[in-house]
Amino acid sequence: NVEGGHGSRVIRDNKTHRDWNGIHYKTGMSAKNVGAQKLSMNVATIPPGGVAYAHIHVGFELMLYILQGNVRHEYGPGLQHTIDNSAGDFIFIEPDVPHEVTNLSDSEDVIAVVARSDASEWENIIPYDMNSKS
């Protein structure tokens with residue numbers, strides 16, 4: 001459902017497009033559907049009590065804006081660092097930093113806008129092995 005052309009594209013689709021690692025993603029923009037070369041963006045929902053298990057974004061940056069809910073980010077080697085975030089927070093995750101995200105509510109979804117500096121969107125995300133040294 002991509003509209004436009006001549007240098008501008010619009011998506012008017014609010015349906016869930018993909019479920020991955022405990023997260024539901026609405027249809028977003030990427031190389032696949034709008035021809036982006038350096039960015040991708042979508043809206044992610046983590047259901048109540050849900051966890052996006054430890055993973056790494058290989059070689060690309062990630063920015064999030066929390067629209068609704070409260071999450072705990074555990075990050076770094078061995079997920080040794082922790083920070084809680086809530087609606088209104090911006091989050092930046094550097095390339096190759098392992099992280100895990102938990103919805104702290106048992107009744108409310110977490111909803112976030114997610115932007116990546118990788119137009120392929122999904123190809124460069126890998127699970128994080130907690131036994132790894134990095």
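Is Tyr 65 buried, partly exposed or exposed, and what is its relative accessible area? Tyr 65 is partly exposed, at a relative accessible area of 29%; buried means under 20%, exposed over 50%, and partly exposed in between, with a 1.4 Å probe and protein chains only. The model is predicted, so local features need pLDDT of at least 70 and side-chain atom pairs count only at pLDDT 80 or more, while totals for chains, interfaces and linings use all residues. Residues are numbered from 1 along each chain as its sequence is written, and side-chain values use heavy atoms, with hydrogens and water left out.

Tyr 65 lies in strand E7 (residues 62-68) and Phe 90 in strand E10 (residues 90-93), so the pair ties together parts that are 25 residues apart in sequence. Helices (H or I, at least four residues) and strands (E, at least two) are DSSP runs, numbered from the N terminus. Phe 90 is exposed, with a relative accessible area of 68%.

E12 pairs with E5 in the antiparallel sense over seven bridges, and E7 and E12 pair in the antiparallel sense over six bridges; two strands pair if DSSP finds at least two bridges between them. Val 110 in E12 is the bridge partner of Ile 46, and Ala 112 in E12 stands opposite Ile 66.

The largest nonpolar core has 15 residues, and Ile 23 and Leu 64 have the most contacts inside it. Such a core is a set of buried Ala, Val, Leu, Ile, Met, Phe, Trp, Tyr and Cys residues joined through side-chain atoms within 4.5 Å. Strand E4 (23-26), strand E5 (40-46), E7, E10 and E12 are the elements that give two or more residues to this core.

Side chains of opposite charge can pair when their charged atoms come close. There are two salt bridges, each requiring a side-chain nitrogen of Lys or Arg within 4 Å of a carboxyl oxygen of Asp or Glu. One joins Asp 84 and Arg 72, whose closest N and O atoms are 2.7 Å apart. Asp 84 lies in strand E9 (residues 81-86) and Arg 72 in strand E8 (residues 70-75), so this pair ties together parts that are 12 residues apart in sequence. Asp 84 is partly exposed at 41%, and Arg 72 is partly exposed at 31%. Arg 12 forms a salt bridge with Glu 3, with 3.1 Å between the closest N and O atoms. Arg 12 is exposed at 60% relative accessibility, while Glu 3 is partly exposed at 37%.

Finally, Glu 108 is found in the loop between strand E11 (99-103) and strand E12 (110-116). Glu 108 is partly exposed, at 33% relative accessibility. Leaving aside residues up to four places away in sequence, Glu 108 touches Pro 48, Gln 68, Gly 69 and Asn 103, where contact means heavy atoms within 4.5 Å.
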